[in-house]
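I am opening my notebook beside the model and will write down what I look up, one topic at a time.

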Amino acid sequence: MSTKKPASDKSQLAGTDTKDRANTNSKLDSLEKFRSDATGQALRTNQGVKIADNQNTLKAGPRGPSLLEDFIMREKITHFDHERIPERIVHARGTGAHGFFQSYENHSVLTKAGFLQDPAKKTPVFVRFSTVQGPRGSGDTVRDVRGFAVKFFTDEGNFDLVGNNMPVFFIQDAIKFPDFVHAVKPEPHNEIPTGGSAHDTFWDFVSLVPESAHMVIWAMSDRAIPKSLRSMQGFGVHTFRLINAEGKSRFVKFHWRPTAGTCSLVWDEAQKLAGKDTDYHRRDLWEAIEMGDYPEWELGVQIIEEENEHAFDFDILDPTKLIPEEIVPITPLGKMTLNRNPDNFFAETEQVAFCPGHIVPGIDFSNDPLLQGRLFSYTDTQISRLGGPNFHELPINRPVAPFHNGQRDAQHRSTIDKGRASYEPNSIDGGWPKETPPAAQDGGFESYPERIDANKIRQRSESFSDHFSQARLFFKSMSKHEQEHIIAAYSFELGKVEREFIRARQVNEILANIDLELAKRVAENLGLPAPGKGTVQVRKTSLDHSPALSQANLLPENIKTRKVAILAANGVEGAAIDAMKKALEAEGAHAKLLGPTSAPVKTAEGKSLAVDASMEGMPSVIFDAVFVPGGAASVKALSGNGVALHYLLEAYKHLKAIAVQGEAKQLLDLLKLEADAGLIAGKDVPALTKGFFAAIGQHRVWDRETKAKAIPA
Ligand code: HDD
């Protein structure tokens with residue numbers, strides 16, 4: 001155990017607590033005292049008693065009955081029996097990482113939030129990415145929305161930005177959330193399907209609830225099968241407020257943009273990965289951080305001046321709408337870097353408790369009815385998930401800012417509160433802890449004094465009634481291949497729906513109102529009659545095309561951190577491997593050498609080369625590209641190796657860049673694969689790299705897609 005002293009608890013100044021802040025300027029420092037390192041330590045019970053024998057229960061004789069008296073065995077088994085806690089109702093499958101946020105400049109014009117002021121300040125963060133539908137042990141690459149939750153441990157308290165990788169949501173009012181979740185979760189009778197939405201109850205619900213149309217088309221797009229967690233955008237979804245020291249409020253939408261670009265898997269690859277590497281996304285994130293390829297995102301906001309609240313052809317309080325970036329561009333605020341993996345999944349990633357209601361002075365909510373409901377739900381759920389109201393004391397959740405108040409007791413209380421007065425005002429403990437007026441330096445939180453003059457009603461605002469125009473905008477803004485993927489995804493998912501009337505309703509009442517061509521194509525794939533024109537008069541938007549929505553326009557600027565498989569057998573040209581590895585390293589990309597088995601391969605030059613894995617051990621689906629070096633004997637061996645041939649065919653089918661050097665060109669001939677922008681043959685490595693790296697940079701060879709359909713899966 002670290003002997004570092006906990007942050008001082010003896011603040012004399014209400015609100016400012018400068019001493020405490022100096023002591024707690026890093027979350028990692030504050031976590032340090034809770035980290036336990038058993039290296040060199042004796043095995044002991046939880047009461048600190050050294051254990052002499054951890055192999056045998058105390059028994060009456062070597063063959064006799066066990067004795068109840070055995071406190072060591074009883075303590076161990078009792079603890080084990082209670083190891084599990086309820087998983088999250090949604091977003092149960094997730095993975096997390098530590099990092100920091102740094103503001104680019106002083107944003108005091110926009111907000112008084114301290115973490116957005118000093119560019120020298122590094123604010124610790126903990127991020128948890130997740131899928132929504134599946135349980136804790138489900139696959140990473142299923143078609144689903146991804147959670148993107150960030151906890152900023154600011155000096156003024158925790159700020160949680162609990163968003164998704166899509167900028168809109170399925171429903172407009174929080175009261176519908178249990179209905180939506182019950183519909184998308186595995187069906188109640190057989191608990192199928194795990195991790196996916198391709199089933200009757202989901203499509204029954206969304207086909208009856210047109211407000212879901214926009215989010216569902218995002219979920220049917222490539223965004224729902226991200227390439228990695230590092231290549232996802234994040235969105236705060238709701239409209240929030242930023243408020244500066246003068247009390248001026250502006251509406252904002254939060255955006256996270258990855259510096260690694262935004263890109264996705266292809267569907268066949270995503271499905272295979274769910275079996276071949278269930279942990280694909282969490283492994284990728286973990287390994288990137290371990291290798292020092294720290295993932296980065298830029299935080300930005302779209303700013304809407306108060307007076308422009310009603311300037312759009314939708315309501316900014318409606319969470320099923322986005323604000324096109326072409327209409328309100330993103331103002332960059334700062335950068336987040338993830339640079340440390342957790343030490344313990346349970347203590348950190350599982351026990352972290354986010355809540356959109358965790359905000360700091362300078363940030364406030366809007367009246368979005370979905371957000372308003374969320375403010376209640378998250379704290380409530382932690383009480384049953386984490387066993388009581390003291391979950392904020394768990395090391396991963398503790399703010400780095402001190403917390404003092406009159407809240408006392410309850411399960412798992414770990415703070416030992418001194419003093420007699422757990423109420424306010426008091427005169428016994430000198431009146432402490434005291435309120436801090438908002439106007440004071442580092443003042444207390446003050447809600448934006450929005451004027452409300454209204455009747456108490458249950459009613460959806462008329463301004464929330466357009467459900468199709470932005471779904472249409474999204475579809476129209478996609479590149480050709482993205483549109484084809486959307487058509488294929490609707491067809492696949494609805495094809496799994498048993499009840500034909502649900503399929504038909506989705507096509508005729510939802511898709512036909514989004515785009516008739518989309519509806520017709522899906523109907524054709526499902527064998528349904530061609531739909532007629534949509535029944536709804538869809539509002540015309542001020543924009544009919546938003547390039548910012550297409551991932552075709554969000555490619556990375558380089559091939560940093562991309563992974564390339566090098567296939568080799570005995571007799572491979574060792575110099576070609578060296579040259580390719582060097583060239584990739586120079587670009588910040590990574591290569592793995594794969595052999596027919598895990599045994600080393602002998603090069604043509606007579607050297608023995610250790611391989612990173614066998615081709616089966618690291619299948620093509622976990623790589624971005626494949627390189628096959630020459631060497632007559634190696635190529636001959638690969639030509640007769642079904643795993644190697646499948647490797648190339650699969651990489652080709654998944655539209656990946658493939659480079660073959662020297663004799664390896666014979667493999668393309670054998671497989672009847674024609675050269676294209678991403679299928680490159682050459683005599684030596686330098687001649688290959690330009691085209692090969694350019695193709696990797698394009699992420700996939702989309703022009704190959706139609707041809708690749710003929711390749712067996
Ligand atoms: Fe939620 C978890 C994101 C609507 C109720 N939600 C959860 C997580 C994310 C989101 C990322 C996982 C946090 C983590 O990693 O621990 N949720 C969203 C977004 C929404 C949204 C972006 C809409 C814009 N959620 C939403 C509504 C409700 C909830 C309307 C309820 C009224 N969400 C929950 C929850 C969860 C949760 C049941 C499950 C576990 C948890 O909170 O901590 O309370």
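Which protein donor does the iron atom of the ligand have? I find that Tyr-378 (OH), at 1.8 Å, is the only one, where donors are N, O and S atoms within 2.8 Å of the metal (3.2 Å for Na, K and Ca), and water is not among the atoms, so sites may look incomplete.

Before going on, I note that this is a predicted model, in which local features need pLDDT of at least 70 and side-chain atom pairs count only at pLDDT 80 or more, while totals for chains, interfaces and linings use all residues. Residues are numbered from 1 along each chain as its sequence is written, and side-chain values use heavy atoms, with hydrogens and water left out.

**Entry: around the ligand**

I looked up where Tyr-378 sits and found it in helix α10 (residues 369-385); helices (H or I, at least four residues) and strands (E, at least two) are DSSP runs, numbered from the N terminus. The ligand is surrounded by 21 residues, and the closest are Arg-88, Arg-128, Arg-374, Tyr-378 and Gln-382; a residue is near a molecule if one of its heavy atoms lies within 4 Å of it. Helix α10 gives the largest share of this shell, six residues, and β3 (146-154), β4 (157-164) and α10 each supply at least two.

I then read off distances for the arginines. A side-chain N or O atom of Arg-128 is 2.6 Å from an oxygen atom of the ligand, and for Arg-88 the distance to a ligand oxygen is 2.7 Å. For Arg-374, a polar side-chain atom lies 3.3 Å from a nitrogen atom of the ligand.

**Entry: Glu-298**

I located Glu-298 in strand β8 (residues 296-305). Is Glu-298 buried or exposed? Glu-298 counts as buried because its relative accessibility is 19%, and buried means under 20% relative accessible area, exposed over 50%, partly exposed in between (1.4 Å probe, protein chains only). Its side chain makes a polar contact with the side chain of Tyr-104 at 2.6 Å; such a contact is a pair of N or O atoms within 3.5 Å, and within protein one must be able to donate a hydrogen and the other to accept it, while residues adjacent in sequence count only if both atoms are side-chain atoms.

**Entry: Ala-224**

I found Ala-224 in the loop between α6 (213-219) and β5 (234-235), and Ala-224 is buried, with a relative accessible area of 0%.
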